[in-house]
Amino acid sequence: MERAAEFTGVPGWGGVAMGTTAIAAAWMAHRQATPTAWLTVWLIEAFVAVAIAAPAAATKARRANASLFSGPGRKFVLSFAPPIFVGALLTLALFRAGALAALPGLWLLLYGTAIVTGGAFSVRIVPLMGLCIMLFGGAALFSPAAWGDAWMAAGFGGVQVVFGAWIARRFGG
């Protein structure tokens, strides 16, 4: 796990920013009148999160004289990507089937899984963050559908903000 104990490419302040935009997206999504509009808000949020995370991680890696795509950074990306890809495919299938109520739990579980698996090549706090997000995902699966946006605000928002601040302070930016 070369240098994983010394450096995490996971951007702390980027996580705070992603969490903040997720909380705003949850509020906006909850106000949508149609399932398509609701899904559109969350898909836009996913792109916003990537637009925040990618440059933040690249900047953090550059400051540490490391590469995102070699060593632990490469392993993180290769471990993170499959659960995200599966989530994209299942989103399409569940949307087509009209089963949107399952999406908040599914998204939280798979994003949490991506963080746990990718985080195996990072510092210990990263997989713990993923496990917390997975707990919210499990709860979302068995809660009333109307609570989905609240679970996503808590998982994608609250957990990201708390752990992002912790990562930023403990491991830099």
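**Close-up views of a predicted model**

**View 1. The nonpolar surface patch that includes Phe85.** Phe85, Val86, Leu89 and Leu90 together form a nonpolar patch on the surface, with about 350 Å² of accessible area between them. Patches are made of residues with over 30% relative accessible area and no salt bridge, like charges being joined within 9 Å and nonpolar side chains (Val, Leu, Ile, Met, Phe, Trp, Tyr) within 5 Å; a salt bridge is a side-chain nitrogen of Lys or Arg within 4 Å of a carboxyl oxygen of Asp or Glu. Areas come from the Shrake-Rupley method with a 1.4 Å probe, and for residues only the protein chains shown count as cover. This is a predicted model, in which local features need pLDDT of at least 70 and side-chain atom pairs count only at pLDDT 80 or more, whereas totals for chains, interfaces and linings use all residues. Residues are numbered from 1 along each chain as its sequence is written, and side-chain values use heavy atoms, with hydrogens and water left out. Phe85 belongs to helix α3 (residues 72-97), helices being DSSP runs of H or I with at least four residues, numbered from the N terminus. Phe85 counts as exposed because its relative accessible area is 54% (buried means under 20%, exposed over 50%, partly exposed in between, with a 1.4 Å probe and protein chains only).

**View 2. Leu39 and its contacts.** Leu39, in helix α2 (residues 35-63), is buried, since its relative accessibility is 8%. Leaving aside residues up to four places away in sequence, Leu39 touches Thr91, Phe95, Leu103 and Trp107, a contact being heavy atoms within 4.5 Å. Ala168 lies 129 residues from Leu39 in sequence and 31 Å from it in space, C-alpha to C-alpha.

**View 3. Gln160 in helix α6.** Gln160 is found in helix α6 and is buried, as its relative accessible area is 4%. Beyond residues up to four places away in sequence, the contacts of Gln160 include Gly15, Val16, Met18 and Gly19, as well as Tyr111, Ile115, Met129, Ile133 and Gly155.

**View 4. Cys132 in helix α5.** Cys132 sits in helix α5 (residues 125-141) and is partly exposed, because its relative accessible area is 22%. When residues up to four places away in sequence are not counted, Cys132 touches Val159 and Phe163.

How values were computed:
Helix = DSSP H or I, 4+ residues; strand = E, 2+ residues; numbered from the N terminus.
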